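The sequence and the structure are shown first.

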Amino acid sequence: MRVALFVTCVNDAVFPSTGVATVRLLERLGVEVDFPSAQTCCGQPQFNTGYRRETAPLVRRTVRAFEGYEHVVVPSGSCAAMVRHHYPSFGPRAAALGPRVRELTEFLVDVLGVTDVGAYFPHAVTYHPSCHGLRLLGLGDRPRRLLEAVRGLELRELPGAEECCGFGGTFAVKNPDVSAAMGADKVAHAVETGAGVLCGADNSCLLHVGGTASRLKAPLRTVHLAEVLASTEEEPWR
Amino acid sequence: MSGTFLGMPSFPRAAREAVRDERLRRNLRHATHTIRDKRARAVAELDDWAELREAGKRIKDRTLRHLDTYLLELEERVTAAGGTVHWAEDAAEANRIVTGLVRATGEREVVKVKSMATQEIELNEALEEAGIRAYETDLAELIVQLGEDRPSHILVPAIHRNRTEIRDIFRAEMGRWGRPAPDGLTDEPAELAEAARLHLREKFLRARVGISGANFMVAETGTLVVVESEGNGRMCLTLPETLISVVGIEKVVPTWRDLEVFLQTLPRSSTAERMNPYTSTWTGTADGDGPDAFHLVLLDNGRTRALADETGRQALRCIRCSACLNVCPVYERAGGHAYGSVYPGPIGAVLTPQLRGTTSEIDASLPYASSLCGACYEVCPVAIDIPEVLVRLREEVAGRGGKGHRLEKAAMKAAGWVLDHPGALAAGERIAGAAGRLLPERLPGPGARQWTDHRDLPDLPAEPFRDWWRKNRP
Amino acid sequence: MTTPTSRERILARIRAAVADAPEAPEDVRGYRTRHAPDDPDAVLDLLHENLADYRAHVHRAGPAELPELVARLLDERGARSVVVPPGLPEEWLAASAAERVADGPGLGPAELDAVDAVVTGCALAVAETGTIVLDGGPGQGRRALTLVPDLHVCVVRAPEQVVASVPEALPRLDPRRPLTWISGPSATSDIELDRVEGVHGPRTLEVVLLRG
């Protein structure tokens, strides 16, 4: 099977390790991965901030970059949600991309039909289900099923898991105090679990939570789910 | 640089104060989390909740699509049943009508049932100017009125107060308005409720004019519905000789049968009860039972403006249950006052800018008072897609430019250009990566400062993903 | 030409606002008409349970035991006077020594406030929500009677006055009559969003499920 990787702009620029992990994981599962180099950003930051007109060229670019592929894999719930839920308002060509774009856990569980991806991750981990994955995509228990099958991994319940971490795109800078308070509560909940690692499927949320944890000097590292699933005895995480 | 970049106006400023108020944070957290879990259990009892939600949404949508027809039908039925219907385009007109009606009775005081519409039009202040004293009789409204405070929640306007603060307000203020608080009043909720009962009793018994809102108005029968808990509503609707109800035009539902949906979804969504203690329905006036004069004031006050917006009009489905406030992480931390309106929380953030427009600083900031997490939409019993409306309103605010948004628009355009040119993007990423290691912990400048005041930046990678790909998967 | 009234202007604005809106889809009523099983005994048990859950005191009696029960309930709460709504079956109060107060023009709010209790029937009761509904019919009286006295004893005839659900209740009620739906004694959630019973309405609600 051949898929296109939509790495997303945040992963490209700030978290390339997540992109690399996604490629390694998919290839390990026998999937051939393409990276259409015309891709940049899905347009979500512009769209959610009220700049619909500025979003349109990015939608066109994304559609052109990926429309030749039957499967487009995105290691980000919120970017997948942008394409699936908001692209239809940009016309039929954009709408047609929606059903072919799958968030990473959807692709693994629904398309490949695997939950045990052969990963090894000897850490206590707690999982934060980001809002767009949880509510817009309805990822449900897919991330949990994948994590539970990872050897060595001890999954701990995150209190208040379904509550937003406070990132929210430009919300983080437009309402910095509320955003920071939400982030601090998320960090506190994660620390409370005793797991040293907070895992998520959206690096923009992890950028905020990890940055908050670091500022608060909390004993917490953040890691994208793709990196947990890519980790093996031979090639462990970090 | 002022704090106005990226539209940094009133809501964020007010929220900053609230976030730092430890007691307020505790009160709000305690109250919202208590009701959140209870609501979830009350809703889970009904295995057809999704169908009730869909039905409620459709009924409201159809009503709004033919609002003129249903209002005329309502007017006809209320009039036929002995009531008088008035139409008010805005707050000033509604206040004029009500003040005139009270004056005509010769009374100088009125008792009030908790009503969002009368809060919205600031009726109490208008009555006060006319020399008429309005007594709020809902417990939370009483707390707000005695404390010379502002409401901070749709259902529980004094949610920002804990029991000890309430006791202190009752002890200090009840005597100025009537019967003082009992000696030795403690902060036990049952004792506080008893104090309110004693304080308001004399006012109910002598009241000649009652003022209410309504949760629903049934077009086919001309029936009004008030849903409440304490019995203060029944007192105000039943004992006075004159009843004046001020109701937003969007509160009409077509048929008596439609209540079967909302009387199931409203109590469970608001107080997490199978049914609230008291629901009163009345149609015009009834011989020998209750008021012999009934006036209905139908209020527009911006509702027709909201109705004209294809996306925004869904906010008019709202049945004022408050479920969205109780699950909102932003409301929980910012508190109700930060929203600068009687409608706080997620529904306020979409309703207020539509009713009042987005030209003032606070109103223009409300569409951004959300992380778009979607918890509000999930619990809404009439399926208002609040995040969708927020984004639509952000377009309105951003499109107009104005304070803070010109710079933001330029930044968005620049980012858009870079993102539309992958070569430039890659170059930028490489420079950022190289510079990343040299950055100080806290960055100056708009946007960056708001980020680094609270969070560390990650170590930027040596190379972007696209470079790794080119080297490793040639 | 006359100046348009506010009514005309509001209606015109409404029509302009929705002029381009698509026709609203038909209602869908995919929800249940009832959740409780179709079994009168189970429905009665559910009513009992839900009334009690919201702090009403619930009793069961046959016609022969009713007068003694009503007398005892009034007595236990120290009620020395009781309002008798027009049309209340005489035998319901036959065993009570409480002073009977008939409704009439002299019974204003202040006078009502001096009465300890009220005994009524009802129009119907809703099991799923633990609700009794009064419509001012015989044995119920005007609304103030069940509002001002602090003790309300309400007799529900089972099974004929008991319905399972809200959708079953509405078609049996006449919207032209003033209705009062009562689910437990008066309560408030206004202090820290936690429920406390006993505010302005009757603080004690005794419900008697009277079986045929």
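UniProt positions are given here in the numbering used for this structure, feature names are shortened, and annotations may be inferred rather than shown by experiment. The structure itself is a predicted model.

## Record annotation on chain B

For residues 73-296 of chain B, the unreviewed UniProt entry lists "domain: LUD". In the model this span is 42% helix and 20% strand, and its end C-alpha atoms lie 14 Å apart.

## Contacts among the chains

Two pairs of chains are in contact, and of these chains B and C share the most contacts. Chain B contributes 75 residues to that contact and chain C contributes 61 residues. On the side of chain B that touches chain C, 36 residues are nonpolar, 19 are polar and 20 are charged.

Chain B also meets chain A, with 51 residues of chain B in contact with 52 residues of chain A. On the chain B side, the elements that give two or more residues are helices H1 (10-20), H15 (329-334), H19 (386-399), H20 (405-419), H21 (422-436), H22 (448-452) and H23 (465-472) of chain B. By class, this side of chain B holds 29 nonpolar, eight polar and 14 charged residues. Chain A and chain C are joined by no contact, and their closest C-alpha atoms lie 17 Å apart.

Strands from chains B and C form an open sheet of eight strands with mixed pairing, in the order S8(B)-S5(B)-S6(B)-S9(B)-S9(C)-S6(C)-S5(C)-S8(C). Strand S8 (252-253) of chain B and strand S8 (162-163) of chain C stand at the edges; each has a single partner strand, so one side of each is left without a neighbour in the sheet. Helix H12 (residues 259-270) of chain B packs on the sheet, where it touches strand S5 (216-218), strand S6 (223-228) and S9 of chain B. The direction of H12(B) makes about 170° with that of S5(B).

The link between the chains within this sheet is the pairing of strand S9 (residues 278-283) of chain B with strand S9 (residues 179-182) of chain C, which run antiparallel and are joined by four bridges. Within this pairing, Ser280(B) stands opposite Thr180(C) in S9(C).

## Strand S10 of chain B

Strand S1 (residues 84-88) of chain B pairs with S10(B) in the parallel sense over five bridges. Trp87(B) has Leu298(B) as its bridge partner in S10(B). Strand S7 (residues 242-248) of chain B also runs parallel to S10(B), and seven bridges join these two strands. Here the bridge partner of Val246(B) in S10(B) is Val297(B).

## Two domains in chain A

The domain assignment divides chain A into domain 1 (2-111) and domain 2 (124-230). The C-alpha centres of domain 1 and domain 2 of chain A lie 21 Å apart. Their contact takes 27 residues from domain 1 of chain A and 23 residues from domain 2 of chain A.

On the side of domain 1 that touches domain 2, two or more residues come from each of helices H1 (9-13), H2 (16-28), H3 (44-49), H5 (77-86) and H7 (104-111) of chain A. H2(A) gives the largest share of this side, six residues. Divided by class, this side of domain 1 of chain A has twelve nonpolar, twelve polar and three charged residues.

## The parallel sheet of chain A

Four strands of chain A form an open sheet with parallel pairing, in the order S6-S5-S7-S8. Strand S6 (154-156) and strand S8 (221-224) of chain A stand at its edges with a single partner strand each, so one side of each is left without a neighbour in the sheet. Neighbouring strands of this sheet are turned by 35° against each other on average, direction ignored.

Strand S5 (residues 124-128) and strand S7 (residues 197-200) of chain A pair in the parallel sense over four bridges. In S7(A), Val197(A) is the bridge partner of Val125(A). Helix H12 (residues 203-215) of chain A packs on the sheet and touches S5, S7 and S8 of chain A. The direction of H12(A) makes about 175° with that of S8(A).

Methods: Residues are numbered from 1 along each chain as its sequence is written. Chains are lettered from A and ligands numbered from 1 in the order in which they are written. This is a predicted model: local features need pLDDT of at least 70, side-chain atom pairs count only at pLDDT 80 or more; totals for chains, interfaces and linings use all residues. Two residues are in contact if their C-beta atoms, placed from the backbone, lie within 7 Å. Ala, Val, Leu, Ile, Met, Phe, Trp, Tyr, Cys and Pro count as nonpolar, Asp, Glu, Lys and Arg as charged, and the others, Gly among them, as polar. Domain bounds come from an automatic or database domain assignment. Two strands pair if DSSP finds at least two bridges between them. Axes are lines fitted to C-alpha atoms, for helices over the stretch in contact, and angles run from 0 to 180 degrees between N-to-C directions.
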